Amino acid sequence: MQLERDRTIEVVSEASDGRQTVEQVRALRPNVVLLESAITGLDSIAVIEQIDTISPETAVIMFLEGADMDLMRRSMRAGAFDCLSRPFSQEELVSTIKTAYQSTARAREALVAVPVPVAKARGEIIAVYSPQGGAGKSMLSANLAVAMAKAAGEGGHPPRVALVDLNLQFGDIDLMLNLSPQNTIAGLAQKGHGGIDAELLEQYLTLHTESGLRILVAPSTPQYAESITVYTVEQVMETLRENYDVIVVDTPSQLQDTTLAVLDAAKTILLLASLDLLALHKTRTALEMLRQLYAPEKIQVVLNRANSDVGISLDDVQSVLNVPLRAQIPSDGRIVVTSINEGKPFVLHNSQTVIAKQINKLAMELLGRETEALEAGAARGNGSFLKKLFK
Ligand SMILES: Nc1ncnc2c1ncn2[C@@H]1O[C@H](COP(=O)(O)OP(=O)(O)OP(=O)(O)O)[C@@H](O)[C@H]1O
Ligand SMILES: [Mg+2]
């Protein structure tokens, strides 16, 4: 149909699939969207719901193949303005578009009159990865995320922080933070089959009350892992980015496609290394692979159990990996193990220990809070403990 011929209608964009439609609505905020019921990429109902959330003043007109009453009802319930069954005439289409435009004009005026004062979320993803099992990924992710969530408010609100446990088979963040989750990512994958939006996702996050951190917990048993697809993970990441400043992701050591999806989406990958020859070898292999995929500044190496006296020095690590270390976290079995056993993150409960201060410092740096990072670092004499151990 030649909509361009009607001088009162301006075609601002065309999209080839559901996902693109949602993206373009977000960017362009059109008055009217014409939607084919048989689109690809996302289910059409999910597209209507997402448009309704991100741009409620946009009217959706859905094209149906014949009189599909069930689909029509579902579309209207999801927030469509009207449905047109094929075949229909050019006049019918133009008149439906005009009615839709006029009916939603009031909503648009209200929107112009009352600007929404909510600051845009920063939406930065920080993935914690290591090819080595037991490297300390979960310990670091949990404490880093808690430290960030507890950071003081800036510009009116404290940072909004989410933590995702991507260990789909054997996730343990819920134990580390002593949570009793009602919902997990498995339930979300099932419920959000047709598309995940912010409202649905919020229902599946578990609150860590002490810090305000929100966590998407891993499935309760390994057999659910398979039900979580790359697409689900991508949608979770995309949706979290809209409402959270920082999203920390704890990953498994195997490079599954879901892990890669998160590494792709991440702004920063914290690659954990340790003073263990085999682990170091794996870290180097992983680093080489990541370097081929991503910009060098995206990959930052963090040394865990940095003060263990094991015959490998800090210089050895730097020369094997050929990168500077972003941070060093000391070994402290008593603090870490007690913290995990009690489900109390040590950055909150033992905040004066060196390990807590190191993680706090890294958290503040990653948040861009340089002054607070300096304060956190100053208390321990700026790394002198390592210099003493490795001199
Ligand atoms: N800096 C540290 N000092 C002392 N113990 C530590 C330190 N870091 C980690 N640990 C201990 O090592 C064990 C493994 O840590 P964690 O579970 O965080 O590793 P992971 O990389 O997430 O493991 P997985 O690959 O199984 O997910 C835990 O029992 C933890 O107590
Ligand atoms: Mg882990």
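Which residues line the largest cavity? In this predicted model, for which local features require pLDDT of at least 70 and side-chain atom pairs count only at pLDDT 80 or more, while totals for chains, interfaces and linings use all residues, the largest cavity is lined by Met139, Ala142, Asn143, Met176, Leu177, Val336, Ser339, Ile340, Pro345 and Phe346. Residues are numbered from 1 along each chain as its sequence is written.

A cavity is here a set of points, on a 1 Å grid over the protein atoms alone, where a 1.4 Å probe fits but cannot get out, its lining residues having an atom within 4 Å of a point; grid points are joined across faces, edges and corners, and the volume is the space filled by probe spheres set on the points. One cavity of 30 Å³ or more is counted by this rule, and the volume of the largest cavity is about 60 Å³. Helices α5 (137-149) and α13 (333-342) are the elements that give two or more residues to this lining, helices being DSSP runs of H or I with at least four residues and strands runs of E with at least two, numbered from the N terminus.

Strand β2 (residues 59-64) is joined to β3 by four bridges, and Ile61 stands opposite Asp82 in β3.

Conventions:
Chains lettered and ligands numbered in written order. Heavy atoms only, no water. Pairing = 2+ DSSP bridges. 1 Å grid on protein atoms, 1.4 Å probe; cavity = no way out; pocket = protein on both sides within 12 Å on 5 of 7 lines; lining within 4 Å.
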